[in-house]
Amino acid sequence: MIVQDNNKTLLGQALSSQAIRWALISGLLFPFVSWVVEISRLRMPFSLTGIYQVHKACPVLWILDLIPVLIVVLAYFIEKKRNIEKQRFDAQINERDARLNAMAEFSTQIGEGNYNAKLEPTSEKDILGHSLLIMRDNLLANHEKESEENWIAAGKENISNILRLHNKIDELADKVIAQLVNYIDVVQGALYIFDDEKKVLTSVAIYAYNRKKFLNQEFKLGHGLIGQCAFEMDCIYRTEIPDDYVTITSGILGDQKPQSILLIPLITDEKLQGVMEFASIHDRIPELTIRFLKELGEIIARTVFNLKVTQRTELLLKESQQMTIELRENEEQLRQNAEEMRATQEELQKSNEQLESKILEVENAQKRLYSLLENASEIISIYEENMVMKYESPSVNKILGFTPEEMMGGKDMDRLTRKGESSMRNMFKQLLDSPAEPVTIQYTYMKKNGQKIFLETTGRNLLDDPAIRGIILNSTDITERKRAEREERLKSKMQSLSENSLDMIIRLSTVGQFFYANPTVKSFMGIEPKDLINKTLNEITISDILFNYFRETIDTIKSYPNKTNNELTIPAVMDGVSCERIMSFVAIPEFNENELETILFVGHDITEAKQIELEIQDKNRKIEDSINYAQRIQSSILPDIRTVRESLPKSFVYYKPRDVVSGDFPWFFRRGDDIFIAAVDCTGHGVPGALLSFVGYFLLNSIVDRDLKLAASEICDRLHFGVRKTLKQEMEDAEARDGMDIAFCKINYKEKEVQFAGAHRPLYLLREGELIEYKGDRKAIGGIPHRKKEEENFTNYTINYKRGDKIFFFSDGLPDQLGGPEDKKYSPKRIRELISENNNLPIEKYSNLFSSDFDKWKGDGKQIDDVLLIGIEF
């Protein structure tokens, strides 16, 4: 960089000195012309004496003599001012480049996830710098939100797995509290179950300092923090701990008192099921942890409620079985004492009264059991091991609308979907294979009124239980739970979208109901997002363009559930000004259990992008015009086939540039008896290759025009060093490795001689049906020299041609072209075979032969490089 700056300074000084010299020369013309005119007018001799006499006769000439000095001084100050302006402009460009590099590095670090990267805006007007910082902050906020939601979801999943695996409250409570204490990083946790009959809260699980604690505690409603939480049915979060709060001793921490406590009520269907208590030695419990425990409380409460009902049902069933056994024993005893009862009427009457009393008790117990089963929140079914139902609880009428009789006889399986029937069969298979392990499945079921609901069924193998002798299924309507999970899922999805997004984000149901709308919607629809939620398209007033787009897209995705893309021009209000904006809308179908649930619409404002696109199109047109003009310039200096055939009658040039301008070019020069022709392949193609081709073209002209006695290899050597010098590749800090390959021929008809030298390019000689190859040297024209290895000169081949000999040389664009059935290279082998197989073909026909064969080989593929092939027949 310092060398370049010095070169620029020296060049500027040279130009400045040259400008002053020209100013001096032009200034001297004025006095000189004046001297000549006055000497001629006074007819004096042109000598120093004559010049002095003329000045003496005309003193004005002394003033004219000062003009060169004035012009030189003026030129010096003008040139100095121009150099100062140039240096200032270069400094501004360097400063801007440094700023852009810093912003690029900042963007790269953000893209790699380094949100702590720093960038200092140059000023308040540095819009790009401030925008990058805002983008970084938004990405960081989104990352933190996503991490919180993932933490909550993972915690729920862990607890849900525990709830599904345990059907006893004590075991479930121990596992849940132990998992939660470790997961939320507290030192103490406890779970209290509410006894509906005693109206007290009893501890069932206490976990502290990574160990289970065996403490039995009871709290009445309103007594202590536990009772207060249960009575108010609301969370209690305290950082000021009462003096009478129970502390649990740790071997590490001693009797250290907790610094914060949190109590979460377990409530389902507005009924209290229990209370969870957590204590931390930290000053505060994170808000994220509190939100997680609140959301988890309802799930645990619902599970506790179901386990209570199940345990109560099993207890009542066992009591009924015990009473039935006692009844049978009493009947047997009555039969044995029948004679004694007949002998004594009083004893018989007394026995009858006792029997009737017990029968009444049994009937009452059966009525209570029937009423409990009829009003239970789950269906109890008993099946044979062959999946034939033998008992259905009366609650089926309340939950599904069918009577128990309507479910018997295999009708229960007939109402299942194919997926539900498969799940049921798999459950029975698992229960029979592993009798000790309960199995839970979920499936959809159609009620008698046609309503579709979700059922969760837990099966237990009680074939060995003499009271059941079957497989018992407990089925619960989980439709509301599914709905709550769906709402939670939709809410979670929405929270993952940035509220600060500039895109318009809307989620609609398949009937056009709004589930979500971000703040950007107001700018394009003129309606607050909160006013859209739960309303349908028909209930709001929006532009006809948006209304029709939403309605048509919903209908389309319902028929063909695929993502769609559309561009719309819609009215909008930006900064209080009405305008039209071009929006790119993406409609994404969202599914739940393979059913279309909602459609997410994302509208991106592409108005500025469209304007930029138009500007790019205009710039592209100008670039194309410039390239076309460059092609006309390149075509004007390159030899055409008619010029070549004036000196080489039997010849052809197959020239097929890849782009408008080419890096390959044919070169031709004739002087005296010598004809020079070459196929030159410059590094690259298109505009870069064309620029390098001008360097090669004019260097070759200069070398050959100066000395005709040079051999072909010597011309290549001089071209080699000329390219290096032109591209400054001999400098120590040179980075430009550009150069060219060449197949160079010098032909002398008088001596019947062809000299050939090549840089990476060969020459093929076809003589009497035999193909001979002259390989070029394995080095290029130009390029950075090897500092520790001495270069060898190019090899010069001399060929004494015979009548009928043909020579061919070409650039690498022909053999490197990909194509054919296996997408391989055209290859030098194919070129040799094509020449040999058509050795009797006139030289002019080879152009069409190679053109058609090249197009056939390329097929529908893309031409990868410029193509140049030259052939000459002697």
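**Entry 1**

I began at Leu191, which stands opposite Ala205 in S2. This is a predicted model, where local features need pLDDT of at least 70, side-chain atom pairs count only at pLDDT 80 or more, and totals for chains, interfaces and linings use all residues. Residues are numbered from 1 along each chain as its sequence is written, and side-chain values use heavy atoms, with hydrogens and water left out.

I then looked up the pairing itself: strand S1 (residues 188-195) and S2 are antiparallel, with eight bridges. Strands here are DSSP runs of E, at least two residues, and helices are runs of H or I, at least four residues, numbered from the N terminus. Two strands count as paired if DSSP finds at least two bridges between them. Four residues sit between the strands of this hairpin, and Lys199 takes a positive phi near 60°.

Is S2 enclosed or open? I found seven of the nine residues of S2 (residues 200-208) buried, so the strand is largely enclosed by the rest of the structure. Buried means under 20% relative accessible area, exposed over 50%, and partly exposed in between, with a 1.4 Å probe and protein chains only.

I followed its other pairings next. S2 runs antiparallel to strand S4 (residues 218-220), joined by three bridges; there, Thr202 has Glu218 as its bridge partner. Three bridges also join S2 to strand S3 (residues 211-213), again antiparallel, and Ala208 stands opposite Arg211 in S3.

**Entry 1: the five-stranded sheet**

I moved on to an open sheet of five strands, ordered S14-S13-S17-S16-S15, with antiparallel pairing. Its edges are S14 (514-517) and S15 (564-574), each pairing on one side only. Neighbouring strands are turned by 25° against each other on average, direction ignored. Axes are lines fitted to C-alpha atoms, for helices over the stretch in contact, and angles run from 0 to 180 degrees between N-to-C directions.

I checked S15 against S16 (residues 577-592): they run antiparallel over 11 bridges, and Thr569 has Ile582 as its bridge partner in S16. Helix H18 (residues 607-637) packs on the sheet, touching S15, S16 and S17, with its direction at about 110° to that of S16. Contact means heavy atoms within 4.5 Å.

**Entry 2: Glu597**

Last, I looked up Glu597, in strand S17 (residues 595-605). Glu597 is buried, at 8% relative accessible area. Its side chain makes a polar contact with the side chain of Asn592, at 3.5 Å. A polar contact is a pair of N or O atoms within 3.5 Å; within protein, one must be able to donate a hydrogen and the other to accept it, and residues adjacent in sequence count only if both atoms are side-chain atoms.
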